[in-house]
Amino acid sequence: MKKIQTKGVKISSNKDYRDSIVDILKKMLQSKSVDAVLVPMRVPAKDSYAWILVKDEKLLTEADPAAPIMPIQGARALSSFSRKGQSMLKIAALMRPCEIRATIELSKLNQVNLENVTLISYDCPGALPMEDYLNDPEKGEKKFNDILKKLDFQNKSIKPVCKICDQFSLLPVSDLHFTLFHDQNNTMFLIANSNRGNLVLKEIGMEASHTVSAWANGIQEIKDKRAAQKKGRFTQIKKMVEGFNSLLATFSDCIGCHNCQSACPICYCRQCYFDSESVTSGTDLTMLKAKKRGSISLPQNRIMFQVGRMSHMSLSCVSCGLCTDACPVSIPVAEIFSYVAHNTQKQFSYSSGENKGEPIPLKTFKLEEVKGIQELVEDAEA
Amino acid sequence: MDQVLTIKKSTEAGLIDLLTYLLKNKKVSGVCSLRKTKKQGKFDYALITDPELLHDVVPLHPLMPVNAGKMLSNMIKMEMPVAAVIKPCELRSFIELVKRSQGKLENFLLISYTCGGALPLTATVENKVDTMLPDYGKTVAAGNEFEHIREICKACEYFVPFNADATVSLLGETGADSTCKIFLHSDKAKEILQGFEVEKTEDEFDRTGYDQIRERRKKYKEELFKQIKIQDTGLDGMIDVFGRCIGCHACSRVCPICYCVLCDFESSTYDYDNTIMEQELSRKGGLRLPSDTILYQIGRLSHMSFSCIGCGQCTEVCPSDIPVSVIFRKCGEKVAEIFEYIPGRDVNEQVPVTIFKEEEFEEIGEE
């Protein structure tokens, strides 16, 4: 694993973090270090945020580098621009760490082209649940501002899945990173974490010369707390999904709308297998099942969909929580999938979005695994 | 002339008797109805073949976990009909699907009822159904509006079913506690229920008997429609209303009319080449990603709004709390008016945009 960088550029002391970040992004555009930047912006009605790819630096004044909510996964926004291949434009994308991790996973699935893309992360305190924010956007803005001002990375208002997230800061795959979690002197750093990141710094005339160990220690403290919370929460989630009956009870409100899958950045299939005719058709089979059991719940396969989706995408799940936000019946989908993902990824010593070069486990094999299969076959034959 | 069955039991118990008769005597191959699940306060739709399991059904519960019209359309091939108890709007959506070859009427004995409106999904999620039901029942029996039903239901004037084989009288039925009244309209219903031995009389189902309720609903609808001002504000208004749309397409996924296996707006048509997007970016200085948020909404409006039956599922599932169903009903009604079309009224009435009349060509010539 790559070692965390210990040096950064000191970029602000008294300015609002938003202005400081926007200043840097402007510099990137001005110096032609990048051609466009992808940032969240508040929509005209002021009741949500959208991803805007900005070329005209004047538009950047409206950018909100750390939005209180995550209505659309940044990886999905980037994918919509680059899934058809490498863009001629050099793009810098400022995203939450989980969005960057999803981007890395999508690049492994050929849904994002990372050539010419600079990934910029920041210390993410978590996002507010969409439902809470939509009830009163101004209140949500105020709440999130308070969180950032007080560096309250343990706030109770953030999404449940954010509370157990321990990958909320600089990632091995970040090119650049803004330290929102700063010290009492309001010092914010910009850390370069890759050759590309270093090049950008150079092009905007900056040099990483300050040590950031105080920041790194602070982050580690939060990480430890979050990890402990995660452990506790996972013990509860385990009870919700272990065994068919608990699974059934947990998903008893599911209406089969598949909106978790629509919102999920990893579920990129144009048509989900579970929406295909292999699953939906066949009256004869439906009748047969109904007759065998006396009754059958409709629409069918609601649990199979959940289990199927787990097996399809949990190796790449980044626990961003968009599924829970999108669920019309308030099932804690994200925490459940996060728990399952934690365990499936552990099986392969894999961590989603952590490493660009590491292939998704099911897309590769190791020689000794083939040997294992050979033994199984031989056993079966004997 | 309709045949009226009168059963000296509560409306629900009477209807369950009828369903039990059908299943026990193999008059139908199954019963499709809402039922209680094992988990207290939770309900689902089920296809039931074992008459013993009918004691769990709650056919008249004001719930719509999914639009049953969409559900029935999946049952294409059947030897014997299934008796389905569904809401008038679910029945209307099924009729719209039948027009599109997505379902077969002969596969079902369609039982519907005069509907007092459905509760939002949150009622089930928050476990409020059981506590709300007694009040709901009383309010509906008195012909009044239950305050917690879906907004779009309060604005629904088609609460008396079209095309049902049988109609259970519920709305304004003061004797619902002790008497179950079921009107059999079709020959199919009368024939299937020939051996069902209950009090049978001849009477005409009085569709006009609900004028007061209809007027109240119409008034509410006008108020609700007034809140949507897109027609005055053009594209800016669209951006204001749909700006927070996240493009999840949940509205189309639960919509009974949107039957496409793959929605056009999810097809590769809208995967633009970088060059096209780069041009747009240069022209505007900024580009929303993913794009086509408004295009999707306008597209869906033009694809299906004239067939929108106002079930409200789209609003229920929208993660951005956009009042989708009010917008689609308002727009759809205007379009349907031009064609004197009421979605789901008559299975022989063809979907406006799928047919043309010769005089329409003359009009185009004149213009």
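1. Helices and strands are taken here as DSSP runs, a helix having at least four residues and a strand at least two, and they are numbered from the N terminus. Counted in this way, chain A of this predicted model contains 16 helices and nine strands.

2. The overall form of chain A may be considered next. Its C-alpha trace spans about 70 × 50 × 40 Å along the principal axes. A compact globule of 382 residues would have a radius of gyration near 21 Å, and the 22 Å of chain A therefore agrees with that expectation.

3. Two further values describe the interior of chain A. Of its 382 residues, 48% are buried. Among the contacts in chain A with a separation of 6 or more, 74% are between residues 24 or more positions apart.

4. The model also contains a contact between two chains. Here 60 residues of chain A are in contact with 57 residues of chain B. On chain B, the elements that each supply at least two residues to the side touching chain A are β3 (43-48), α4 (121-125), α9 (230-242), α10 (250-254), α11 (274-284), β9 (286-289) and α13 (313-317). By class, this side of chain B has 27 nonpolar residues, together with 15 polar and 15 charged ones.

5. Which strand of chain B is joined by bridges to strand β9 of chain A? The partner is β3(B): four bridges join it to β9 (residues 295-298) of chain A, and the two strands run antiparallel. Within this pairing, Leu47(B) in β3(B) stands opposite Ile296(A). The student may look for this pair in the structure above.

6. Chain B is divided into two domains, with domain 1 covering residues 2-217 and domain 2 covering residues 227-366. Taken over C-alpha atoms, the centres of domain 1 of chain B and domain 2 of chain B are separated by 30 Å. The contact takes 28 residues from domain 1 of chain B and 21 residues from domain 2 of chain B.

7. The last point concerns the side of domain 1 of chain B that touches domain 2 of chain B. Helices α2 (68-73), α3 (88-99) and α6 (151-154) of chain B each supply at least two residues of this side. Which of the elements gives the largest share? That element is α3(B), from which 10 residues come. The residues of this side of domain 1 of chain B divide by class into 14 nonpolar, six polar and eight charged.

Note on methods:
Residues are numbered from 1 along each chain as its sequence is written. Chains are lettered from A and ligands numbered from 1 in the order in which they are written. This is a predicted model: local features need pLDDT of at least 70, side-chain atom pairs count only at pLDDT 80 or more; totals for chains, interfaces and linings use all residues. Two residues are in contact if their C-beta atoms, placed from the backbone, lie within 7 Å. Ala, Val, Leu, Ile, Met, Phe, Trp, Tyr, Cys and Pro count as nonpolar, Asp, Glu, Lys and Arg as charged, and the others, Gly among them, as polar. Two strands pair if DSSP finds at least two bridges between them. Domain bounds come from an automatic or database domain assignment. The radius of gyration is taken over C-alpha atoms; the globule rule is 2.2 Å times the number of residues to the power 0.38. A residue is buried if 20 or more other C-beta atoms lie within 10 Å of its own, exposed if 12 or fewer, and partly exposed in between; C-beta atoms are placed from the backbone.
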